[in-house]
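Trainee: I would like a close look at a single part of this model. Please take one residue, then set its surroundings out around it.

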Amino acid sequence: MRKVLTMAMLASAVLVSACNTIAGAGKDVSSAGQTVTGAANDVKD
């Protein structure tokens with residue numbers, strides 16, 4: 001029983017950290033997209 005509880009805790013810790021990583025990557029991609037859009041608008045004007 002103790003091994004199962006330990007494994008469940010480790011698995012949940014990995015899942016929570018993965019969510020934070022994916023959210024951070026999404027913010028980075030969004031920021032890069034905004035930068036490209038801004039540069040394109042500057043060239044167009």
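Mentor: D28 sits in helix 1, which covers residues 2–44. Helices here are DSSP runs of H or I with at least four residues, strands are runs of E with at least two, and both are numbered from the N terminus. This is a predicted model: local features need pLDDT of at least 70, side-chain atom pairs count only at pLDDT 80 or more, and totals for chains, interfaces and linings use all residues. Residues are numbered from 1 along each chain as its sequence is written, and side-chain values use heavy atoms, with hydrogens and water left out.

D28 has a relative accessible area of 55%, so the residue is exposed (over 50%; buried is under 20%, partly exposed in between; 1.4 Å probe, protein chains only). S12 lies 16 residues from D28 along the chain, and their C-alpha atoms are 25 Å apart.

N41 also belongs to helix 1. N41 counts as partly exposed because its relative accessibility is 37%. From N41 to A11 the sequence separation is 30 residues, and the C-alpha distance is 45 Å.

Now the whole chain. The secondary structure comes to 1 helix and 0 strands. The C-alpha trace spans about 65 × 5 × 5 Å along its principal axes. Of the 45 residues, 0% are buried. The chain exposes about 4,100 Å², with 70% supplied by carbon and sulfur atoms. That area comes from the Shrake-Rupley method with a 1.4 Å probe.
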